[in-house]
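The sequence and model come first, then the entries.

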Amino acid sequence: MQKELMTPAAILLGSLFIAAGLYLGLQRPPPPPALPSASVEPSTARAGALPATAGAPAPSLPVPHPASVGASPVTSELYKRVEGDAAKGLEGRRSLFVKQCWEPSLRKNPAPARARYIFNMTFDASGNEIARGISEVRGMDRPDAAQCLRMMPLELVVPPPGTRVSVEIEMTLP
């Protein structure tokens, strides 16, 4: 074979091997046989008969979210209480936010003079902050200050709500 034809032939042969491997490797095995459903009536279970729907696939049940398993529902009063406590905690840290994040950012670039952030915080049942996200409001954003705020440790504590609660709080700096 000529040298000019070796490269296209190698590409074609390699593509065939890849296609065959994908075809054989991605084929699904046959589904397992259906198990008898748990809704078998005691009278038919004793007789050894299965209900007429045993061969049909069982309807899918909703899977609870891991955060909601074993947790009581969050009421609007509880949400408002935790939101208020978290807002007070953030206001108490405003001077720290301004000193550590806002002032260095302002020295680098004086515009904009104010920035608005939305704090998305999650507290566990004992009231400890376990997660925080900080979003910037378009037109009033300072990405370097926001990144500094995101890097601050999770230290905010609210009175124990008894369940996991997520709140959103808006804050404008300075």
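Entry 1, terms and model. I took helices (H or I, at least four residues) and strands (E, at least two) as DSSP runs, numbered from the N terminus. By that reading, I placed Leu173 in strand S3. I noted that this is a predicted model, where local features need pLDDT of at least 70, side-chain atom pairs count only at pLDDT 80 or more, and totals for chains, interfaces and linings use all residues. Residues are numbered from 1 along each chain as its sequence is written, and side-chain values use heavy atoms, with hydrogens and water left out.

I found five helices and three strands in the protein. Along the sequence I read the pattern α-α-α-α-β-β-α-β. Buried means under 20% relative accessible area, exposed over 50%, and partly exposed in between (1.4 Å probe, protein chains only). Buried residues make up 21% of the 174 residues. For contact I used heavy atoms within 4.5 Å. Among contacts between residues at least 6 apart in sequence, 73% join residues at least 24 apart.

A nonpolar core is a set of buried Ala, Val, Leu, Ile, Met, Phe, Trp, Tyr and Cys residues joined through side-chain atoms within 4.5 Å. I looked up the largest one, which has 25 residues, and those with the most contacts inside it are Tyr117, Phe119, Met121 and Leu149. The elements that give two or more residues to this core are helices H3 (76–92), H4 (94–108) and H5 (143–151), and strands S1 (115–123) and S3 (165–173). I then listed what Tyr117 touches beyond four places in sequence: among them are Trp102, Ile134, Arg142, Ala145, Leu149, Ile169 and Leu173.

Is Leu173 buried or exposed? I found Leu173 buried, with a relative accessible area of 1%. Leaving aside neighbours within four places in sequence, its contacts include Arg94, Phe97, Val98, Trp102, Tyr117 and Leu149. I also checked the C-alpha atoms of Leu173 and Cys101, which are 72 residues apart along the chain and separated by 9.8 Å.

I found Arg116 in strand S1. Arg116 counts as partly exposed, at 28% relative accessibility. Its contacts outside four places in sequence are Ser135, Glu136, Val137, Met140, Glu170, Met171 and Thr172.

Axes are lines fitted to C-alpha atoms, for helices over the stretch in contact, and angles run from 0 to 180 degrees between N-to-C directions. The axes of H4 and H5 come within 9 Å and cross at roughly 155°. Angles under 35 degrees count as roughly parallel, over 145 as roughly antiparallel, 65 to 115 as roughly perpendicular and the rest as oblique. H4 and H5 are therefore roughly antiparallel to each other. I noted that Phe97, Gln100, Cys101, Ser105 and Lys108 in H4 meet Asp144, Ala145, Cys148 and Leu149 in H5.

I found H3 and H4 packed at an angle of about 45°, with axes 4 Å apart. That makes H3 oblique to H4. Here Leu90, Glu91 and Gly92 in H3 meet Arg94, Ser95 and Phe97 in H4.
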